[in-house]
Amino acid sequence: QISSYTMTFNANGGSGGTSNSKTYGTQLTAPVVTREGYTFTGWDPVVPATVPGYNETYVAQWTQNSYSISFDANGGTGGTTTSVLYGVLPSAPAVSKTGYSFAGWSPAIVAATGPATYTAQWNLNNYNIFFDANGGTGSTGGTMTFGTPLSAPSVSRTGYTFAGWSPAVPATVPADNITYSAQWTPISYNITFDAAGGTGGTSGQMAYDSELTPPAVARVGYAFMGWNPEVPVSVPAADTTYTAQWAISTNNLTLFGNGGTGGSSVTLALGAPIIPPTMSRPGYVFSGWYPALPSTVVGGINTYNAQWFVNSYSVTF
């Protein structure tokens with residue numbers, strides 16, 4: 001009588017395994033076995049064509065599947081594609097995108113069961129943008145969304161011409177909290193100091209707000225009384241003429257007779273003509289003034305003494 005033996009096919013974690021008593025020498029066919037996430041690679045030991053003369057267990061051999069898993073940065077940087085074994089939870093890379101905050105992956109990451117693509121999700125960032133008029137008017141600022149159109153405000157500053165922004169303003173909101181400062185070029189104005197009959201007046205272009213120092217002016221016979229209008233400490237934002245103001249200077253002129261008659265004492269303006277008086281003295285001839293009398297009033301010396309020569313006479317007895 002032909003013996004029978006037990007043939008066991010162990011699916012080894014899979015499904016489809018069997019265990020049956022089979023007659024020696026009859027055809028031996030292994031069952032079809034499957035295991036999720038694994039590829040069948042054969043039996044151990046190798047299954048013979050006919051039933052052997054002993055009980056045997058054949059164990060299914062498996063290779064764990066590997067799947068291509070992609071992480072799409074979706075416009076950012078840091079995306080990857082890698083192979084992940086079945087049942088292993090993929091490790092997501094660090095991703096970034098200028099002007100955006102990472103909001104997770106879509107779909108949610110799960111253990112690998114097949115090829116998969118995960119796409120990064122992003123939220124737009126808001127940034128604090130400020131326009132500093134830098135001494136002028138028109139400053140603005142606030143929270144703005146990255147990538148939206150960015151328009152600089154109109155700014156103005158008395159005495160200055162707008163020369164742009166520092167740093168330069170881009171067309172759209174940048175990925176940074178930033179302040180843009182207005183740049184200014186001072187305007188030059190024509191500033192005239194009119195000596196008004198004196199000397200020392202000037203005229204020329206001067207930059208707004210620069211130091212303003214009037215020139216020294218002089219006028220013969222006059223005392224300087226200031227400027228009209230009053231001169232500020234710095235250049236104003238307009239072409240301006242400052243006119244010297246003068247008051248007539250005077251001097252007390254004394255013509256001392258020195259024993260004669262005709263002398264006088266008068267107050268005259270500096271530079272006024274001096275008309276000498278007629279001098280007389282019995283027995284003397286007028287010979288001039290000491291010091292010499294000028295033709296016009298001058299400052300300083302104001303007393304002049306008449307000079308005399310004694311007359312000589314012929315006396316006959």
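Q: Before we start, what does buried mean here?
A: Buried means under 20% relative accessible area. Over 50% is exposed, and partly exposed lies in between. This is a predicted model, by the way.

Q: Okay, take Thr192. Buried or exposed?
A: Thr192 has a relative accessible area of 16%. The cut-off for buried is under 20%, so Thr192 is buried.

Q: Where is Thr192 placed?
A: Thr192 is in strand β13.

Q: What does Thr192 touch, leaving out residues up to four places away in sequence?
A: It touches Thr202, Ser203, Thr240, Thr241 and Tyr242.

Q: Which side chain makes a polar contact with the side chain of Thr192?
A: That of Asn190, at 3.4 Å.

Q: And how many Å apart are Thr192 and Gln61 in space?
A: They are 106 Å apart, C-alpha to C-alpha. In sequence, 131 residues separate Thr192 from Gln61.

Q: Switching to rings. How many aromatic pairs are there?
A: The count is 21 aromatic pairs, taking ring centres within 6.5 Å as a pair. One of them is Phe9 with Tyr58.

Q: How are the rings of Phe9 and Tyr58 arranged, and why does the pair get that label?
A: Their centres are 5.2 Å apart and their planes meet at 25 degrees, so the pair is stacked. The cut-off for stacked is under 30 degrees.

Q: Which parts does that pair tie together?
A: Phe9 belongs to strand β1 (residues 4-10) and Tyr58 to strand β4 (residues 56-64), so the pair ties together parts 49 residues apart in sequence.

Q: Are Phe9 and Tyr58 buried or exposed?
A: Both are buried.

Q: What about the rings of Phe193 and Tyr242?
A: That pair is stacked too, because the centres are 5.4 Å apart and the planes are at 25 degrees. The pair links distant parts of the chain. Phe193 is in strand β13 (residues 188-194), and Tyr242 is in strand β16 (residues 240-248). They are 49 residues apart.

Q: What does Phe193 count as, buried or exposed?
A: Phe193 counts as buried, because its relative accessibility is 3%. Tyr242 has 2% relative accessibility, so Tyr242 counts as buried as well.

Q: Which residues do ring pairs link into a cluster?
A: Phe9, Phe40, Trp43, Tyr58 and Trp62.

Q: Which ring does the charged end of Arg35 sit over?
A: The ring of Tyr38, 3.8 Å from its centre. The charged end of Arg281 sits over the ring of Tyr284, 3.7 Å from its centre.

Q: On to sheets. In what order do β1, β2, β3 and β4 sit?
A: The order is β2-β1-β4-β3. This is an open sheet of four strands with mixed pairing. β2 (18-23) and β3 (38-44) are the edge strands, and each pairs on one side only. From one strand to the next, the twist averages 25 degrees.

Q: How many bridges join β1 to β2?
A: Six, and the two strands run antiparallel. Thr8 has Ser19 in β2 as its bridge partner.

Q: What about the sheet with β5, β6, β7 and β8?
A: It is open, has mixed pairing and runs in the order β6-β5-β8-β7. β6 (80-85) and β7 (100-106) are at the edges with a single partner strand each, so one side of each has no neighbour in the sheet. The twist averages 25 degrees from strand to strand.

Q: How do β5 and β6 run?
A: They run antiparallel, joined by six bridges. β5 covers residues 66-72. Ser68 has Ser83 in β6 as its bridge partner.

Q: Last topic, the backbone. Is the peptide bond from Asp44 to Pro45 cis or trans?
A: It is cis, with omega near 0 degrees. Pro45 lies in the loop between β3 and β4. Ser166 and Pro167 are joined by a cis peptide bond as well, with omega about -5 degrees. Pro167 is in the loop between β11 (160-166) and β12 (178-186).

Q: Why point those out?
A: Because most peptide bonds are trans. Most residues other than glycine also have a negative phi.

Q: What is the phi of Ala196, then?
A: Positive, about 50 degrees, although Ala196 is not a glycine. Ala196 sits in the loop between β13 and β14 (202-207). Its relative accessible area is 26%, so Ala196 is partly exposed.

Q: And the phi of Asn258, positive or negative?
A: Positive, about 55 degrees, and Asn258 is not a glycine either. Asn258 is in the loop between β17 (250-256) and β18 (264-269). Asn258 is partly exposed, because its relative accessible area is 32%.

Notes. Residues are numbered from 1 along each chain as its sequence is written. This is a predicted model: local features need pLDDT of at least 70, side-chain atom pairs count only at pLDDT 80 or more; totals for chains, interfaces and linings use all residues. Side-chain values use heavy atoms; hydrogens and water are left out. Rings of Phe, Tyr and Trp (its six-membered ring) pair if their centres lie within 6.5 Å; planes under 30 degrees apart count as stacked, over 60 as edge-to-face and the rest as tilted. Buried means under 20% relative accessible area, exposed over 50%, partly exposed in between (1.4 Å probe, protein chains only). A charge sits over a ring if NZ of Lys or CZ of Arg is within 6 Å of the ring centre and within 35 degrees of the ring normal. Two strands pair if DSSP finds at least two bridges between them. Axes are lines fitted to C-alpha atoms, for helices over the stretch in contact, and angles run from 0 to 180 degrees between N-to-C directions. Contact means heavy atoms within 4.5 Å. A polar contact is a pair of N or O atoms within 3.5 Å; within protein, one must be able to donate a hydrogen and the other to accept it, and residues adjacent in sequence count only if both atoms are side-chain atoms.
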